[in-house]
Amino acid sequence: MEAFYYLVFGLLGVIVAATELSKSNKDRITTSQPFSAFKNNYLVVYSLMMAGDWLQGPYVYYLYTTYGYGKGDIGQLFIAGFGSSMLFGTIVGSLADKTGRKRACVTYCITYILSCFTKHSPHYKVLMLGRILGGIATSLLFSSFESWLVAEHNKRNFDQQWLSLTFSKAVFLGNGLVAIISGLFGNMLVDSLNLGPVAPFDAAACFLAIGMAIIMSSWSENYGDPSESKDLLTQFKGAAVAIASDEKIALLGAIQSLFEGSMYTFVFLWTPALSPNDEDIPHGFIFATFMMASMLGSSFASRLMARSSIKVEGYMQIVFVVSAASLLLPILTSLLVSPSNVKGGGIKFAGCLQLLGFCTFEACVGIFWPSIMKMRSQYIPEEARSTIMNFFRIPLNIFVCIVLYNVNAFPITVMFGMCSIFLFVAALLQRRLSVIADKTKTEEWSQLRERDAEAEPLNDA
């Protein structure tokens, strides 16, 4: 069965290469030299930031076990991270609109570097502090950088369609290629060079420091609403009113929470799903395969968003339905494939089928990220962008904390079934968002025609 992993990874790699190389002029967006320089600068910084994040992910749990902590203590540490992201991260991330997005990005680097340093200590309280700092950093990573990019893109008067190119390239590199390289680099540090499980965190701190230096030397500052008359509570109220008064923003927040909640649940479940009888599976190689599938999705998304005739709100309905179907595979295989009671060994036939389904889900993740970024840039008001984006993460973090706390309370098939239902609901909400967006555009066209009709008699006179 080992050849199966190489076959899937190789096939995905060939498809990704073919997709990128076969792009025609219709699949590419013609841009300017100043935009290319701006985009490349952002992609370098974003890739360094994501390298700092991806290097840590595979080794957090393992590091805690080497310090002698059990599943219960480790679970509390993980819950603290998501809880911190929900509470402190929302506050710190929302300050970006008022104090500046560049400052928030620098704060992310400093906070995450400090979190990396705490991994050198085996003391539980120090590790807990590291998780709290990591939770704050996560909120900043997924709000401040995107907010800075959108504001700076608009400030420089670049074409709005070019923004989708930056989004898709950022996901292709940061969530795909960089993730694969980071996994291999971390594996080399820990296994090949025998530097210990703390080494990836030290490497992550170095990449974050390099990225911070580039930000401080080449980025300009931008704000949402820098008005000193607005305190943090007023910002929160304004964001809540914006979400409550605009159905498009509310739908976008619900869609994001449903999809990301299912995605983070999948992160916890894919290992026991593929090895229910403690089968020996290559976790690192499977992770790299998932990232390759995500690269394929982001490459496909760049093609879709390059064509003005294709609407994000339309194709994302299909993406959510496909992702819902892909997470039903563990349930279907449990019903249709006879379970094996043999302990250990290689991956079973049911696991192979599920792996293909999980790769399909990861491809949907690759399409989701640049697409949701584009919709956020269209619907979220600039003056409260970071605040609203962090509001979206509150239900997500609550959901993940509940799942973590009850991960052993339900069969794995029930958990996957729940995720599949959430994704199907996201497809329905995306359909509603598409209808409202089309209606809004139709009303805007009608208003323009009425103005033109009123202006014609004046011109004749």
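Entry 1, α12 and α17. I looked up the handedness of this pair and found that α12 and α17 make a right-handed crossing. A crossing is called right-handed if the near helix is turned clockwise from the far one by less than a right angle, and left-handed if anticlockwise. The model is a predicted one, in which local features need pLDDT of at least 70 and side-chain atom pairs count only at pLDDT 80 or more, while totals for chains, interfaces and linings use all residues. Residues are numbered from 1 along each chain as its sequence is written, and side-chain values use heavy atoms, with hydrogens and water left out.

I noted the geometry next. Helix α12 covers residues 247-274 and helix α17 residues 385-405; their axes come within 9 Å and cross at roughly 35°. The axes are lines fitted to C-alpha atoms, for helices over the stretch in contact, and angles run from 0 to 180 degrees between N-to-C directions. Helices here are DSSP runs (H or I, at least four residues), numbered from the N terminus.

I then listed the contact, meaning heavy atoms within 4.5 Å. On the α12 side, the residues include Ile249, Leu252, Gly253, Gln256, Tyr264 and Phe268. On the α17 side, I found among them Ile388, Phe392, Arg393, Pro395, Phe399 and Leu404. Sorted by class, the contact of α12 with α17 has twelve nonpolar, six polar and two charged residues. The classes are: Ala, Val, Leu, Ile, Met, Phe, Trp, Tyr, Cys and Pro nonpolar; Asp, Glu, Lys and Arg charged; the others, Gly among them, polar.

I checked helix α6 (residues 101-118) against helix α8 (residues 144-155): the axes come within 9 Å and cross at roughly 150°. The two helices are therefore roughly antiparallel to each other, a term for angles over 145 degrees. The crossing of α6 past α8 is left-handed. From α6, I recorded Arg101, Lys102, Ala104, Cys105 and Tyr108, which meet Ser144, Phe145, Ser147, Trp148 and Ala151 of α8. By class, this contact of α6 with α8 has six nonpolar, two polar and two charged residues.

Is Ser147 buried or exposed? Its relative accessible area is 0%, so Ser147 is buried; the cut-offs are under 20% relative accessible area for buried and over 50% for exposed, with partly exposed in between (1.4 Å probe, protein chains only). Beyond its neighbours within four places in sequence, Ser147 is in contact with Arg101, Asn222, Glu382, Arg385, Ser386 and Met389.

I placed Gly100 in the loop between α5 (96-99) and α6. Gly100 is buried, with a relative accessible area of 0%. I noted that Gly100 and Tyr223 are 123 residues apart in sequence, yet 4.8 Å apart in space, C-alpha to C-alpha. Not counting residues up to four places away in sequence, Gly100 touches Leu95, Glu221, Asn222 and Tyr223.

I found Thr19 in helix α1 (residues 2-21), where it counts as buried at 13% relative accessibility. A polar atom of the Thr19 side chain lies 2.6 Å from the backbone oxygen of Ile15. With residues up to four places away in sequence set aside, Thr19 touches Leu296, Ser299 and Arg303.

Val365 sits in helix α16 (residues 349-379) and is buried at a relative accessible area of 4%. I read a C-alpha separation of 6.1 Å between Val365 and Ser294, which are 71 residues apart along the chain. Apart from neighbours within four places in sequence, Val365 is in contact with Phe259 and Met263. Tyr315 lies in helix α14 (residues 312-326) and is buried, with a relative accessible area of 9%. Not counting residues up to four places away in sequence, Tyr315 touches Leu304, Met305, Ile310, Ile367 and Ser371.

I looked at Asn157, a residue other than glycine with a positive phi, near 60°. Asn157 is in the loop between α8 and α9 (162-192) and counts as exposed at 68% relative accessibility. Asn194, also not a glycine, has a positive phi of about 55°. I located Asn194 in the loop between α9 and α10 (199-218); at 61% relative accessibility, Asn194 counts as exposed.

Conventions
Parallel < 35°, antiparallel > 145°, perpendicular 65-115°, else oblique. Polar contact = N/O pair within 3.5 Å; in protein donor to acceptor, adjacent residues only side chain to side chain.
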